[in-house]
Amino acid sequence: MREFVRDYELMAIRPRAGNTPLLKGRFAFIACHPDTGEIKDAFDLEIDVPKNFPRELPTVTEVGGRIPPTKPYHVNQYDYSLCLGSPLRLRLLLSAKPSLVGFAETCLVPYLSGISYKLKTGKALPFGELDHGFPGVFADYQVLFGLKSPEQVLATLRVLGKKKRIANKLPCPCGCRLRLGRCLFRMKLIPFRALANRPWYRLQFQEMCAYHKVIEADSRKKAQLRPAANNFTQSALTGAAH
Ligand SMILES: [Zn+2]
């Protein structure tokens, strides 16, 4: 935390009774990107750093009222904290420099510079925007794991939640029809096992499964409604012809 407030001198450490201190103040940064040029901005933030950081990630809230608390700005709707990226992507970025300064540089500044660009220009977020929430997480995990479907992502999270010995006996998530232990896809999982532990992956698997089931049920309902809608149009047309 000391290193963080030295680098971001308008941020201060606020002690809290019975809790970890809160980082609060003006977070000023300069970022450069070939598509946008230099972005220099500052946001008023509260950063709640959990006791077991970097195992768990900080929760960041913008308190200056500049970022609209909506999904297009990647603001979580349950607590209005900022959604800086998919949970696994943030862990991956942070693993290169697992400190608060590393978190600021690799997770926070890219998000805030994108938001700053969007606020100033009205254009979409640069850096390849993902949807907010679960659809974005599914899309990002497909890229991270090099897979083609949400079902494969779920199968991968499932094997990451199990001990290697047991996971190797399961069907490989990549779609090769081999057991995981016989496919090179297992090598791809090694760095991910280092990023988070099995209970963490089990929780991710449960949450994403629950979301996926809702989506599946929704698309089935829509598929059932479609023929009925067509019949209606057809009879309407025949009616008009008479
Ligand atoms: Zn495979």
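With 22 C-beta neighbours inside 10 Å, His74 counts as buried, a label given to any residue with 20 or more other C-beta atoms within 10 Å of its own, while 12 or fewer make a residue exposed, anything in between makes it partly exposed, and C-beta atoms are placed from the backbone. His74 lies in the loop between S4 and helix H2 (87-95); here helices (H or I, at least four residues) and strands (E, at least two) are DSSP runs, numbered from the N terminus. The phi of His74 is near 55°, a positive value in a residue other than glycine. Tyr80 also has its place in the loop between S4 and H2. Although Tyr80 is not a glycine, its phi is positive, at about 60°. With 13 C-beta neighbours inside 10 Å, Tyr80 counts as partly exposed. Most residues other than glycine have a negative phi, and most peptide bonds are trans. The peptide bond from Phe53 to Pro54, in turn, is cis, with omega near 5°. Pro54 sits in the loop between S3 and S4.

The model is a predicted one, in which local features need pLDDT of at least 70 and side-chain atom pairs count only at pLDDT 80 or more, whereas totals for chains, interfaces and linings use all residues. Residues are numbered from 1 along each chain as its sequence is written.

A step back now shows the whole chain. The protein chain holds eight helices and four strands, and along the sequence they follow the pattern α-β-β-β-β-α-α-α-α-α-α-α. The radius of gyration of the protein chain is 22 Å, well over the 18 Å that the globule rule gives for 242 residues, so the chain is more spread out than a compact globule. That radius is taken over C-alpha atoms, and the globule rule is 2.2 Å times the number of residues to the power 0.38. Along the principal axes, the C-alpha atoms of the protein chain fill a box of roughly 75 × 55 × 40 Å. Of the 242 residues, 23% count as buried. Among the contacts in the protein chain with a separation of 6 or more, 39% come from residues 24 or more positions apart; two residues are in contact if their C-beta atoms, placed from the backbone, lie within 7 Å.

The strands come next. Strands of a sheet pair through backbone hydrogen bonds, either parallel or antiparallel. In this model, an open sheet of four strands has the order S1-S2-S3-S4, with antiparallel pairing, where two strands pair if DSSP finds at least two bridges between them. Strand S1 (11-16) and S4 stand at the edges, each with a single partner strand, so one side of each is left without a neighbour in the sheet. Neighbouring strands of this sheet are turned by 30° against each other on average, direction ignored. Axes are lines fitted to C-alpha atoms, for helices over the stretch in contact, and angles run from 0 to 180 degrees between N-to-C directions.

Ile13 has Leu23 as its bridge partner in S2. Strand S2 (residues 19-33) is joined to strand S3 (residues 37-48) by 12 bridges, again running antiparallel, and a hairpin of three residues links S2 to S3. Lys24 finds its bridge partner in S3 at Glu46. Four bridges join S3 to strand S4 (residues 59-62), which run antiparallel, with Ile47 opposite Val60 in S4.

The helices complete the picture. The axes of helix H4 (residues 134-145) and helix H5 (residues 150-160) come within 9 Å and cross at roughly 70°. H4 and H5 are therefore roughly perpendicular to each other, a term for angles of 65 to 115 degrees, with those under 35 degrees roughly parallel, those over 145 roughly antiparallel and the rest oblique. H4 makes the contact through Phe138, Tyr141, Gln142 and Phe145, and H5 through Pro150, Val153 and Thr156. These contact residues divide into five nonpolar, two polar and no charged (Ala, Val, Leu, Ile, Met, Phe, Trp, Tyr, Cys and Pro count as nonpolar, Asp, Glu, Lys and Arg as charged, and the others, Gly among them, as polar).

Helix H4 also contains Leu144. With 17 C-beta neighbours inside 10 Å, Leu144 counts as partly exposed. Leaving aside residues up to four places away in sequence, Leu144 touches Leu88 and Arg89.
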